[in-house]
Amino acid sequence: MSRTMDHPDTGPAPGAPAPEATAETSAAPALRRLLDLLAAGAATEDFAAVLADARRRGAPAEVLAEIDDATWQALRVHRTLRQHRRRETELTALFDTAGDLAASRDLDSVLQAIVRRARMLLGTDTAYLTLPDEAAGDTYMRVTDGSVSALFQHLRLSLGDGLGGLVAQRARPYATPDYRADERFHHTDRIDAGVLDEGLVAIIGVPLLLGGRVIGVLFAADRSARTFSPDEVALLCTLAAHAAIALDTAGSLAETRAALAELATANEVIRAHSAAVQRAEQAHDRLTDLVLRGAEVADVAAEVAALLDAEVSVHDTEGSPVTGRALPGGDLADALAASRREARAVRHGTGWVCAVLAGQELLGGLALHGRPGLDDADRRIFERAGVVTALLLLLRRSVAETENRIRGELLTDLLTAPDRDPAGLAARGRRLGVDLTRPHLALVAATTAEGRARLAGAASRHLFGSRGLSAEHGEAVVLLLPEDGTAPGPLARDTAEQLARLAGAPVTVGVGRPATGPVALAAAYAEGLRCVRALRVLGREGDGAAAADLGFLGVLLGDGHEVDAFVGATLGPLLEYDGRRGTELVRTLRAYFDCGGSLTRAKDQLHVHVNTVVQRLDRIEALLGPDWNHPERSLELHLALRLQLLTAD
């Protein structure tokens with residue numbers, strides 16, 4: 001898509017002085033205006049007025065192009081800042097909700113806070129939560145926020161009716177951009193009247209799951225048509241999980257009070273039950289405190305292990321251990337799937353497994369070792385640890401995605417416009433922990449069309465914990481690594497092998513020579529890209545190489561610095577033999593090729609007997625191998641001899 005702005009010349013921003021009808025020969029005033037707009041948090045459409053103003057002033061084409069490019073960059077920064085603010089708001093709200101669960105025992109206030117935050121984070125007109133009334137056999141509005149209709153606020157729904165009934169029956173989220181026109185669920189006059197009185201159009205509902213059953217539905221709704229994104233669905237599911245925990249905790253407290261009232265004579269049993277509930281509350285507070293203090297996943301596992309007096313390990317979505325050891329009893333993948341279906345911890349061998357979920361997304365799992373039996377309180381502690389672990393993993397993923405996006409933008413700018421602002425690129429690199437004044441290697445990775453979607457993620461995982469950068473560029477992924485003394489060729493081959501394993505598809509990797517600074521790194525990237533194309537032409541998909549590994553092709557693909565290496569690698573045995581013995585094998589080979597392989601003409605040119613030429617060629621064969629005179633090998637030798645003459649002092 002062209003970067004040229006499509007907006008009409010709408011004149012200067014509101015309140016700005018009328019522009020003078022004089023031509024601008026520099027983009028500096030416009031760039032300053034763009035910075036002012038960024039600093040002031042101006043609306044997106046205000047940025048287009050800068051370019052329109054420059055056109056009216058009759059700015060030259062090159063100035064307009066520079067302003068156009070700067071406007072796009074400013075819009076990208078504006079969009080990134082807005083996304084960061086939104087993500088920060090979401091994470092703050094999740095942490096605040098976790099704090100409410102830990103600090104409050106008032107179920108109404110906790111549920112009201114969750115519904116209010118759901119409305120705020122999704123930016124909807126209303127949000128509400130319904131719970132089942134087992135005595136009446138229907139469901140009712142438990143909490144509403146933003147509602148203006150008394151009819152809607154006191155609405156009661158029969159089981160299975162409306163969008164909420166579909167959510168409760170299927171135990172999964174459902175959304176509709178237009179409730180009244182959606183025929184996927186059963187409409188009733190009473191529900192439709194309440195929705196119409198409230199003026200709602202777009203509605204999303206997610207289930208509150210506890211122990212595999214739906215205990216309520218959390219809704220968000222708009223009074224205009226709207227499509228809800230997957231991120232919004234996942235966020236609302238997370239808030240619904242908080243609401244389920246609040247209801248579960250409230251239920252536990254209610255059960256405890258009932259037990260104290262009804263079992264006055266069973267003091268020991270009551271005392272034990274109360275202690276278990278208190279222990280669960282303390283565990284929940286301790287785990288929540290870990291989240292608020294910025295602990296890592298391993299810290300949560302250690303805390304749960306201490307609470308339950310057992311060993312706890314964290315696993316990825318495939319069941320492989322991330323921290324700790326694997327749980328005996330076979331593959332954990334089936335156990336994680338069962339825990340995910342039931343939304344609670346399940347037995348596995350001699351231990352327990354709890355899926356770590358964000359809504360319906362599986363983020364990993366917790367495994368408990370050495371406790372074949374868990375009472376309900378300990379089981380809830382273990383399950384709550386899964387919720388806390390999910391929060392930490394979501395936070396870590398959000399931070400990693402943000403960092404990868406910023407680092408990827410740096411790498412993209414480095415490759416597309418290295419000479420525009422080298423000092424600025426170097427400064428951005430330093431802020432990200434990348435010193436562009438030190439030598440780096442640019443690796444270009446390409447794969448099949450099927451594996452391309454997974455290659456960027458594979459590169460991020462391959463570089464995790466290192467000081468490297470990776471980003472998609474064109475149809476390939478570029479990796480920028482600090483030089484550590486490893487030869488480029490072996491590094492490319494090892495990287496191709498690792499990325500193929502992570503992406504599940506063959507990956508071809510080319511690498512340029514070590515380079516320092518933005519301009520040199522862009523040239524090294526171009527050389528690596530040429531190596532990838534050469535490997536594909538040679539039928540070496542799934543391999544890795546530098547220009548020096550490709551023989552005479554490396555000389556053609558490189559930037560002229562591979563000549564000495566090519567000559568040394570091709571003629572090395574002959575040069576070493578001549579230098580040690582004072583012979584003329586290199587001169588003899590050159591004369592043989594120059595004479596078209598004629599021994600008679602070669603001996604005349606060398607002024608020696610023909611037998612001497614034959615003996616020297618036998619020595620050359622002994623040093624270079626029997627294939628020295630085959631077409632492909634002789635081409636390399638002939639080229640090396642010519643290059644030696646050209647580079648000789």
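Two strands are said to pair if DSSP finds at least two bridges between them. Helices (H or I, at least four residues) and strands (E, at least two) are themselves DSSP runs, numbered from the N terminus.

Colleagues, with those terms in place I turn to the model. It is a predicted one, in which local features need pLDDT of at least 70 and side-chain atom pairs count only at pLDDT 80 or more, while totals for chains, interfaces and linings use all residues. Residues are numbered from 1 along each chain as its sequence is written, and side-chain values use heavy atoms, with hydrogens and water left out.

The protein chain contains 22 helices and 16 strands. Of its 649 residues, 47% are buried, where buried means under 20% relative accessible area, exposed means over 50%, and partly exposed lies in between (1.4 Å probe, protein chains only). A contact means heavy atoms within 4.5 Å. Among contacts in the protein chain with a separation of 6 or more, 62% come from residues 24 or more positions apart.

Let me begin with the sheet of five strands. This open sheet has the order β8-β7-β11-β10-β9, and its pairing is antiparallel. At its edges are β8 (321-323) and β9 (346-348), each pairing on one side only. From one strand to the next the twist averages 40 degrees. For this and later angles, axes are lines fitted to C-alpha atoms, for helices over the stretch in contact, and angles run from 0 to 180 degrees between N-to-C directions.

Within this sheet, β7 (residues 311-315) and β11 (residues 361-369) run antiparallel and are joined by five bridges. His315 has Gly365 in β11 as its bridge partner. Two helices lie across these strands. Helix α10 (residues 297-308) lies across β7, β8 and β11, at about 150 degrees to β7. Helix α11 (residues 333-342) lies across β9, β10 (351-358) and β11, at about 60 degrees to β10.

The next sheet is open as well, with six strands in the order β3-β2-β1-β6-β5-β4 and antiparallel pairing. Why does one side of β3 and of β4 have no neighbour in the sheet? Both β3 and β4 (174-176) stand at the edges with a single partner strand each, so one side of each is left without a neighbour. Neighbouring strands of this sheet are turned by 25 degrees against each other on average, direction ignored.

Strands β1 (residues 126-133) and β2 pair in the antiparallel sense over seven bridges, and Leu129 has Val143 in β2 as its partner. The hairpin of β1 and β2 has four residues between the strands, and there Gly137 takes a positive phi near 75 degrees. On to β3 (residues 156-158): three bridges join this strand to β2, again in the antiparallel sense. Tyr140 stands opposite Arg156, and Asp138 is partnered with Ser158. Helix α4 (residues 107-122) lies across β1, β2, β5 (202-210) and β6 (213-222), running at about 70 degrees to β2.

Leaving aside neighbours within four places in sequence, Thr139 is in contact with residues including Leu131, Pro132, Leu155 and Arg156.

I now move to a pair of helices. Two packed helices are described by the angle between their axes and the distance between the axes. The axes of α19 (residues 585-594) and α20 (residues 599-606) come within 8 Å and cross at roughly 130 degrees. That makes α19 oblique to α20; angles under 35 degrees count as roughly parallel, over 145 as roughly antiparallel, 65 to 115 as roughly perpendicular and the rest as oblique. The contact is made by Arg587, Thr588, Ala591, Tyr592 and Asp594 of α19 with Leu599, Arg601, Ala602, Gln605 and Leu606 of α20.

Arg616 lies in helix α21 (residues 610-624) and is buried, with a relative accessible area of 18%. Not counting residues up to four places away in sequence, Arg616 touches Glu584, Leu585, Thr588, Leu606 and Val608.

In helix α13 (residues 422-431), Gly424, Leu425, Ala426 and Gly429 are buried, and just after α13, Gly433 takes a positive phi of about 80 degrees. Finally, Glu541 is found in the loop between α16 (518-537) and β16 (544-546). Its C-alpha atom is separated by 8.8 Å from that of Val509, 32 residues apart along the chain.
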